[in-house]
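Reader: I would like to learn how to read contacts between aromatic rings in a model. Please take me through them with the structure shown here.

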Amino acid sequence: MSIRPYILSETNWLYVKEQHYELAILPWGAIEPHNYHLPFGTDAIQSEYISVESAKIAWQKNVKVIVLPTVPWGVNTGQTDLKLCLNIMPSTQLILLNDLVENLKRHSIFKLVIINGHGGNNFISIIRELSVKHPEVLICSIDWWKVCRGSDYFNEPGDHAGELETSVMLKITPDLVLPLDMAGDGTARNFKIEGLRQKWVWAQRKWTEISESTGVGNPKLATAEKGQRFLKDTVQKIAGFLIDLSVANAGDLFE
């Protein structure tokens, strides 16, 4: 049996007790509909895969990283009327992260990287608050789909269950992707008001009012090959960041 020592849920006490970990990685997703063709756990599956693959590269460069168990629930306050879309409040995210950081401090791990897989999760204000409560811990978050520019890989990346996400899932878990002729075309309604439409004003969107299928973006041109190219470059960049972060001091991050 092959144990991946950089994944906490797979390794064991015999190994862990002898290690000094330089940073922890926390995959964070969501449980929500993704058009008709992708599974509810898409965001959690993607963030875990990217966390594990990035950690593997860093580990091979002798960086002592540890991937924590994935948090599957995300902030879905605009989708609460969708059956079995599981919402967690931002205030609950703060509580969970605060408890996690206290655990990490107890074991002398002072760097935490959140690999976020869901657009509704916004950790900026939470990290601001935790930086005051735990100034000795460096916390940062990565929206993995923003690491590389989607338009360089896809005809129309899409916002939710479109070509980008579908291609990635076709690479990671093709057995969980239904035939694309079963998917909705991802047509979505936009705001009427100019500021909201142009996104220099933000307001909560009720998902059932903008998309019948829950998808935003057409998945029809998705392929596993596109997903593989995008994932490869994304994972390489994140791994490079993990390697750089592992040797950086919290008070020495600026040129």
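Author: This is a predicted model. Counting ring pairs whose centres lie within 6.5 Å, the total is seven aromatic pairs.

Reader: How are the rings of W144 and W145 arranged?

Author: A pair of aromatic rings is described by the distance of the centres and the angle of the planes. For W144 and W145 the centres are 6.2 Å apart and the planes stand at 90°, so this pair is edge-to-face. Planes over 60 degrees apart fall in that class.

Reader: Is W144 buried or exposed, and what about W145?

Author: The cut-off for buried is under 20% relative accessible area. W144 has 1%, so W144 is buried. W145 has 24% relative accessibility and therefore counts as partly exposed.

Reader: What is the geometry of the pair Y153 and F230?

Author: Their ring centres lie 5.1 Å apart with the planes at 75°, so Y153 and F230 are edge-to-face. This pair links distant parts of the chain, 77 residues apart. Y153 is in the loop between strand 4 (138-143) and helix 5 (163-172), while F230 belongs to helix 8 (residues 224-247). Y153 counts as buried at 17% relative accessibility, and F230 is buried at 0%.

Reader: Which residues form one aromatic cluster?

Author: The cluster is made up of W144, W145, Y153, F154 and F230.

Reader: Where does the charged end of K64 sit?

Author: The charged end of K64 is placed over the ring of W59, at 4.3 Å from the ring centre.

Definitions and conventions:
Residues are numbered from 1 along each chain as its sequence is written. This is a predicted model: local features need pLDDT of at least 70, side-chain atom pairs count only at pLDDT 80 or more; totals for chains, interfaces and linings use all residues. Side-chain values use heavy atoms; hydrogens and water are left out. Rings of Phe, Tyr and Trp (its six-membered ring) pair if their centres lie within 6.5 Å; planes under 30 degrees apart count as stacked, over 60 as edge-to-face and the rest as tilted. Buried means under 20% relative accessible area, exposed over 50%, partly exposed in between (1.4 Å probe, protein chains only). Helices (H or I, at least four residues) and strands (E, at least two) are DSSP runs, numbered from the N terminus. A charge sits over a ring if NZ of Lys or CZ of Arg is within 6 Å of the ring centre and within 35 degrees of the ring normal.
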